[in-house]
Amino acid sequence: MTLEELQSKLEDINHLVVTFQTSVALEKYYAEDIVMIEGDGTVTIGKEACRQGRVIFFNEMLVEFRESRLISQDIAVSADHTYDFVVVSNWYNDFTIRYGDQVIDNKSNQISIGYWKDGLVVRESYNYPVISMT
């Protein structure tokens, strides 16, 4: 994959995220054996497990989605050649979720680090303020 091809894929992913279509992005651009690491350290392995997590979040937890906006995005060629590219994205997110009896408003930045190999995201970590849900 060339840098230009990656930039085109990122434009599409970014559009899908801001239009609330993250499941479409997952299907198109993530490897079957994707590893996702949440800000609290939770690791999800495999596209099917990620699909299930999205269903829970969007159908059971999300109360209101107000905004997801890309602040900045940088691309680097992977130094160790384990991956082709590393993409660091800074997003602003604004939404409300329900967790048990709690209603939590979230307005925060999220730094996502995506590792690309053979045209797909194979590993992605999300770094954001972790809200206590106990």
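I looked up which elements line the largest pocket: H1 (3-18), H2 (22-29), S1 (30-37), H3 (47-61), S3 (62-77), S4 (85-99), S5 (102-117) and S6 (120-127) each supply at least two residues. Helices (H or I, at least four residues) and strands (E, at least two) are DSSP runs, numbered from the N terminus. The model is predicted: local features need pLDDT of at least 70 and side-chain atom pairs 80 or more, while totals for chains, interfaces and linings use all residues. Residues are numbered from 1 along each chain as its sequence is written, and side-chain values use heavy atoms, without hydrogens and water.

I noted that H3 gives the largest share of the lining, eight residues. By class, I have 30 nonpolar, 14 polar and five charged lining residues (Ala, Val, Leu, Ile, Met, Phe, Trp, Tyr, Cys and Pro are nonpolar, Asp, Glu, Lys and Arg charged, the others, Gly among them, polar).

I then checked Thr22, which is found in helix H2. Thr22 has a relative accessible area of 15%, so I list it as buried (under 20%, with a 1.4 Å probe and protein chains only). Leaving aside neighbours within four places in sequence, I find Thr22 in contact with Leu16, Val17, Arg54 and Phe58 (contact means heavy atoms within 4.5 Å).

Last, I looked at H2 against H3: they pack at about 175 degrees, axes 11 Å apart (axes are lines fitted to C-alpha atoms, for helices over the stretch in contact; angles run from 0 to 180 degrees between N-to-C directions). H2 is therefore roughly antiparallel to H3 (over 145 degrees). I count three nonpolar, two polar and four charged residues in this contact.

Technical notes
Buried < 20%, exposed > 50% of the residue type's maximum accessible area, 1.4 Å probe, protein only. Parallel < 35°, antiparallel > 145°, perpendicular 65-115°, else oblique.
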